[in-house]
Amino acid sequence: MRLPARLAVPPIFGALLAAAMAAAPASAAPTGTMPVSARPVDAVPANAVPASAVPASAVPANAVPAGARPANALASGPAAAAPAGVRALGADLADAGTGQQLWGRDPDTKRPMGSVTKVMTALVVIQAGNLGRKITVPASAVSYVASHGASSAGLRAGDVLTARQLLDAMLVPSGCDAAYVLATAYGPGRAAFVAKMNAEARQLGLAKTHFANFDGLPYPTPRATYSTPASLIALGRAAMAQAAFRATVDRRAYHLAGRNGHHAYTWRNTNLLLGSYAGADGIKTGFTMAAGYCLLFEARSGTSVLIGVVLHSTATKPGARFTDARRMLSWGFSVLAASAALTSRLGRPDP
């Protein structure tokens with residue numbers, strides 16, 4: 001799948017960020033932090049220039065890395081080598097257009113991710129197409145969420161909804177009942193659908209990702225469905241490249257009026273980053289006791305777009321994932337601003 005280049009980062013940015021992180025004291029970077037230069041080759045876009053490839057002459061001798069610049073040197077202020085106060089056990093933050101990593105914590109460690117799984121469910125459905133097809137909600141979907149104590153969109157057995165409406169029901173209130181209906185219809189059959197999810201994961205190069213089900217519930221075991229922060233960034237970028245997906249995940253709430261064939265529904269988004277962080281436009285929450293509170297997220301500031309993920313921002317405080325995301329985004333945008341300012345200075349002719 002070809003992803004759109006929604007944000008062009010100056011080629012020198014990777015070198016500047018790597019230099020900033022290398023110059024920071026060891027205590028500034030939490031355990032598991034991986035600088036851009038340490039990412040696997042296949043995770044760095046082909047047009048990205050590694051720090052080692054930037055000649056020394058490209059950066060003047062008196063230039064100070066962005067993360068170490070004094071407060072009065074850049075209009076945006078100094079950029080720290082890592083976002084402070086992030087509690088998640090696993091995390092990653094990247095440029096949404098190129099996939100270039102800004103910061104990560106154990107980005108290649110496999111972890112369960114709860115309902116973030118539904119991003120892949122949605123991607124498989126959207127790629128299959130025919131989102132206007134009408135699907136009847138079976139009684140088994142209602143009993144499924146009841147038996148698992150799962151999050152629900154409150155679907156009524158016998159209601160006839162389009163696939164697009166079921167995507168809203170799955171992604172906005174995180175309805176496992178809607179995921180069940182979509183997987184059954186688009187497999188056809190749920191086992192066949194999960195096989196398609198894993199095939200898509202392989203197609204995207206997500207080698208450390210496996211789906212045991214279509215909704216992220218902890219069965220057959222609590223860790224049977226898993227991925228890594230870096231892989232979820234790639235999945236999120238692929239999903240956000242789809243207009244139908246973007247149009248759904250940025251909704252804070254959605255009301256579906258009752259019509260002949262279905263009841264009325266009002267769904268509220270479980271992603272509380274929407275409306276609490278300027279520019280946030282998605283993507284998906286997740287939770288199980290094994291996964292903790294998780295969030296795959298994206299936000300825009302001017303022409304800059306960042307995508308990130310936090311896995312297990314504690315298993316006891318739902319709001320911790322949103323706090324982690326806000327801290328990562330604010331740090332990331334400050335790094336981009338500092339890089340842009342420094343790049344501008346380097347590009348100006350000598351007086």
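Tyr144, Tyr180, Phe214 and Tyr219 form one aromatic cluster in this predicted model, where local features need pLDDT of at least 70, side-chain atom pairs count only at pLDDT 80 or more, and totals for chains, interfaces and linings use all residues. Residues are numbered from 1 along each chain as its sequence is written, and side-chain values use heavy atoms, with hydrogens and water left out.

**Aromatic pairs**

- The structure holds 7 aromatic pairs, a pair being two rings of Phe, Tyr or Trp (its six-membered ring) with centres within 6.5 Å, counted as stacked if the planes are under 30 degrees apart, edge-to-face if over 60 and tilted for the rest.
- Tyr180 and Phe214 make an edge-to-face pair, at 6.2 Å centre to centre with 75° between the planes, and both residues are buried (under 20% relative accessible area with a 1.4 Å probe, protein chains only).
- Because the ring centres of Tyr265 and Trp267 are 5.4 Å apart and their planes lie at 20°, this pair is stacked.
- Tyr265 is buried, with a relative accessible area of 6%, and Trp267 is buried as well, at 3%.

**Nonpolar cores**

- The largest nonpolar core has 65 residues, and Met120, Leu155, Leu182, Tyr186, Phe214 and Phe245 have the most contacts inside it; such a core is a set of buried Ala, Val, Leu, Ile, Met, Phe, Trp, Tyr and Cys residues joined through side-chain atoms within 4.5 Å.
- A second, separate core of 24 residues includes Ala88, Phe297, Trp331 and Leu336.

Conventions: Buried means under 20% relative accessible area, exposed over 50%, partly exposed in between (1.4 Å probe, protein chains only).
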